[in-house]
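Here's a quick report on a few side chains worth a look. Have the sequence and the 3D view open as you read.

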Amino acid sequence: MAVAFSGGVDSTFLLKIAHEVLREKAVAVTISSEFVPARETQEAIDFCKSEGIRQIFITEKILNIEGIAENPKNRCYICKRALFTKIKNIAAENNLAHVVEGSNMDDSNDYRPGFQAISELDIKSPLSHAQLYKNEIRALSKDLNLPTFDKPSFACLASRFPYGENISTEKLQMVDKAELFLINHGFKQMRVRIHGAIARIEVLPTDFEKIINLREKIVDAMKSYGFNYVALDLQGYRTGSMNETLDRK
């Protein structure tokens, strides 16, 4: 089994169980790209080393994939199709019969065109198949003493862009620096969405007071990264906020 491993809550739990059952027949496949912060990749490396799990790396320039930089509504489909095709090829080269990924039951509640690519390529989703929800995966991860049991949810940096807004390396770096700044100041579950030269910050409502208290430092930092304006989203952090403009019909 080749496990698509990002180092997040779901894929870490999936990899841990796969390795317990299959031992050396379970292999982690991690993609290093401009869409994933280096800190996330390093955490994936550290976990595999600590567990003695074989890890294969794919280095991918995702912006070179046709159609990605323009950021259409089906960007996730284009990306997943390309990346999981590569993972399938690696699995075949290493005599691994299956490719699995870590989607769970909560993921079915949002617009995720990448699921179409996963289905077309016959990628398995064991956590969804087992009807596990995120809170259950966190609880089970805690029972297993996994370091990710309380790790904040993360999605690729491209999810910070409104559909139709061009994605560039420079803008990805702006978002990455902005989010790292907030992480270093104690904010765990947050996003910095980019709208042109505007940074729209999403944090939990319980963190609003902290954001306001750090207002001047945050504004100075965001402007130093290339943003002209800095805004706090009063709805607070939520997954998939860029999908709110889509016609769900």
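## A histidine and its arginine partner

The side chains of His 195 and Arg 200 are joined by a polar contact of 3.0 Å. Keep in mind that this is a predicted model, so that distance is a computed one.

## Around His 195

Where does His 195 sit? You'll find His 195 in strand 5, which covers residues 190-195. His 195 is partly exposed, because its relative accessible area is 28% and that class lies between under 20% for buried and over 50% for exposed.

Who else is around? Skip the neighbours within four places in sequence, and His 195 is in contact with Pro 162, Glu 165, Arg 200 and Met 242. Ile 17 is another story: 178 residues apart from His 195 along the chain, with 40 Å separating the two C-alpha atoms.

## The cysteines

How many disulfides does the model have? The count comes to zero. Cys 79 is in no disulfide, and the nearest cysteine sulfur to Cys 79 belongs to Cys 156, 6.3 Å away.

Buried or exposed: how does Cys 79 count? Cys 79 has 11% relative accessibility, so Cys 79 counts as buried. Cys 156, at 29% relative accessibility, counts as partly exposed.

Conventions: Residues numbered from 1 in each chain as written. Predicted model: local features only at pLDDT ≥ 70, side-chain atom pairs only at ≥ 80, totals over all residues. Heavy atoms only, no water. Helix = DSSP H or I, 4+ residues; strand = E, 2+ residues; numbered from the N terminus. Buried < 20%, exposed > 50% of the residue type's maximum accessible area, 1.4 Å probe, protein only. Contact = heavy atoms within 4.5 Å. Polar contact = N/O pair within 3.5 Å; in protein donor to acceptor, adjacent residues only side chain to side chain. Disulfide = S-S within 2.5 Å.
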